[in-house]
Every structure is written in structure tokens, then in C-alpha cells.
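Work through the exercises below with the sequence and the 3D structure at hand. Each task is followed by a solution in steps.

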Amino acid sequence: MYLLENMTWAKAQEAFSKCKTAIIPLGSTEQHGPHLPLGTDFFTAQYFSDAMVNVDYNAIITPVLPIGFADYHSDFPGTLSLTYDTLMHVVSEICEKLIGYGIDHILFFNTHGGNAAPLGRVAYALRQRGIVAATYMWFEMIGHIKDEWKLIGHGDASETAFVLAYRPETCDPNDAIRPTNKNLTDKLIMGDMNEIMFKGVMPVHFQLRVKDVSDIGAMLEPSLYPDGDHGQWMEGVDPKMAEDMTKVVMEYLAEFLPEFEKVHFDPVV
Ligand SMILES: [Zn+2]
């Protein structure tokens with residue numbers, strides 16, 4: 001694949017003549033608890049996008065967008081956020097340029113859950129015009145591949161592994177604290193950021209701030225594992241874990257992208 005930021009305009013022109021698909025990696029600048037830097041999500045996006053260059057497929061990769069929608073983290077200083085509308089405008093305008101260069105399939109490679117809703121709205125608007133756009137989030141897939149890769153919450157071992165691989169000097173896993181979630185009441189139990197469990201089973205969808213459910217910024221997300229296995233928080237974490245997870249995600253992308261390109265939509269008239 002072709003990393004846009006590494007090419008001259010002439011090389012980019014040639015690459016666009018061969019590509020129908022573009023990948024836009026998106027991150028966030030947001031708090032991740034006591035041991036991880038604010039750049040965790042965009043370091044992760046950056047690490048993945050560096051790896052994409054070695055995937056043998058004709059697709060353009062844009063620069064990583066390092067700031068997304070993370071306002072609900074901003075009680076913990078340093079978190080930056082765009083509003084929904086601004087993020088939608090920024091992403092839409094990037095898409096417009098790509099479409100102008102001949103792209104008609106756009107994959108949002110998103111490393112931050114808070115970006116998902118605005119990205120979905122951009123994808124829906126593009127679909128009306130017959131442009132195929134979709135969001136892929138590595139963390140929704142990886143826990144199903146291997147037990148040790150189970151995601152268990154915000155700031156967990158999987159996220160830590162990427163920081164150890166990409167910017168090890170910014171993180172000391174010894175500073176990690178396994179979080180204790182705050183429930184809203186004795187009976188309204190935190191399932192994940194916005195899903196509150198009532199009577200053990202029924203999620204009620206709130207719109208919360210991180211400080212409503214966590215004092216330290218990191219969070220366990222028990223609803224990810226209804227079987228009650230909340231796993232280890234940080235034990236066994238190392239940069240190799242990020243390498244191994246990246247390899248799996250790259251294999252997935254290499255198989256997914258040709259299928260993605262087979263999708264065609266009629267514009268809405
Ligand atoms: Zn994160």
C-alpha cells in the first residue's frame with residue numbers, strides 16, 4: 001500500500017491511477033489512566049499504518065488523524081477533542097479530496113471508540129452518493145483471535161503493548177493500576193463506558209463522562225466478557241504482543257480489501 005505522506009505528487013499521481021481504495025487511520029489524543037501517554041490511540045494508528053505499507057495491495061493510506069471525539073475524557077487534563085460536527089467536516093473534506101483523485105472506496109481504520117458514531121454519519125452521507133465507506137476497529141476483532149488478546153478495558157494490556165512497541169519511553173507498565181469501576185447506584189452497574197447493566201442483563205444506554213465511572217481514567221469493561229472472566233490487567237504485556245496483533249490485523253486487511261472493492265452502491269437520486 002502507498003503511504004501518502006511519503007510520496008512526491010508525481011508518485012502520488014501514479015499511485016492514485018492504480019488505486020480505488022483509500023484508508024484513513026484515525027486516533028485520539030486522550031487520557032488512558034495512570035501509566036499511558038495521551039497519544040496512545042494515535043501511536044497505535046501510526047504503528048498500524050506503518051505496517052500497512054508492507055501489505056501487497058493497491059490502496060492509498062492517508063496520514064493519521066491524531067485528534068478525534070474524546071470530550072468525555074477531558075476531565076483528565078491533556079485530552080483534546082473535536083466536536084462531532086467538526087470531526088465529521090474534517091473527515092468529509094479529506095474524503096472529498098480522495099474522491100477527486102479517483103477513490104470510490106474509503107475505509108476508516110479507527111483506533112478510538114468515540115470516533116465511531118461521527119464516522120458512521122460520514123459513511124452514511126457518502127453511501128447516498130454511491131461511495132462505499134466503512135469503519136474497521138481492530139479492537140473489536142482481536143480479542144476473538146486469541147484468549148491472551150482479550151480486551152478488558154480502557155488502558156489495558158493490548159493498548160499498553162502498542163505504546164511499548166512504538167514509544168516505549170512514554171510508558172512504564174509498573175505505574176499501571178488495575179481499575180475499580182464506579183457503579184451509578186448499587187443496582188445500576190457499569191458494563192462499559194455507556195452501557196449500564198440493570199438486574200445483571202439489561203444494558204441501559206447512558207451518555208456518560210469517564211469520571212462518572214472511573215476515578216483514575218482507566219476502566220474495566222465487564223460487558224465485554226459476560227462470562228465474568230475479566231482477565232489480567234497488565235501481566236505479561238510486552239511489545240511483541242503488538243507485533244503479533246498487527247500481523248493478524250494486516251492479514252485480515254489483505255483479505256478484506258479485495259472483497260470491500262467488490263461492493264458497489266447506486267447513488268440515491
Ligand atoms: Zn485507547
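**Exercise 1: an aspartate**

A polar contact (a pair of N or O atoms within 3.5 Å, one able to donate a hydrogen and the other to accept it; residues adjacent in sequence count only if both atoms are side-chain atoms) of 2.8 Å links the side chains of D156 and S158. This is a predicted model, in which local features need pLDDT of at least 70 and side-chain atom pairs pLDDT 80 or more, while totals for chains, interfaces and linings use all residues. Residues are numbered from 1 along each chain as its sequence is written, and side-chain values use heavy atoms, without hydrogens and water.

Task: state which side chain of opposite charge is nearest to D156.

Solution. 
1. D156 sits in the loop between β6 (153-154) and α6 (157-166); helices (H or I, at least four residues) and strands (E, at least two) are DSSP runs, numbered from the N terminus.
2. D156 is buried, meaning under 20% relative accessible area with a 1.4 Å probe, protein chains only (exposed is over 50%, partly exposed in between).
3. A salt bridge needs a side-chain nitrogen of Lys or Arg within 4 Å of a carboxyl oxygen of Asp or Glu; Lys and Arg count as positive, Asp and Glu as negative, and His and the chain ends are not counted.

**Exercise 2: the zinc site**

Task: name the residues that coordinate the zinc ion.

Solution. 
1. H32 (NE2), D41 (OD) and E159 (OE) coordinate the zinc ion at 1.9 to 2.1 Å. Donors are N, O and S atoms within 2.8 Å of the metal (3.2 Å for Na, K and Ca); water is not among the atoms, so sites may look incomplete.
2. Along the chain, the donors follow the spacing H-x8-D-x117-E.
3. H32 is buried at 0% relative accessible area, and D41 is buried at 2%.
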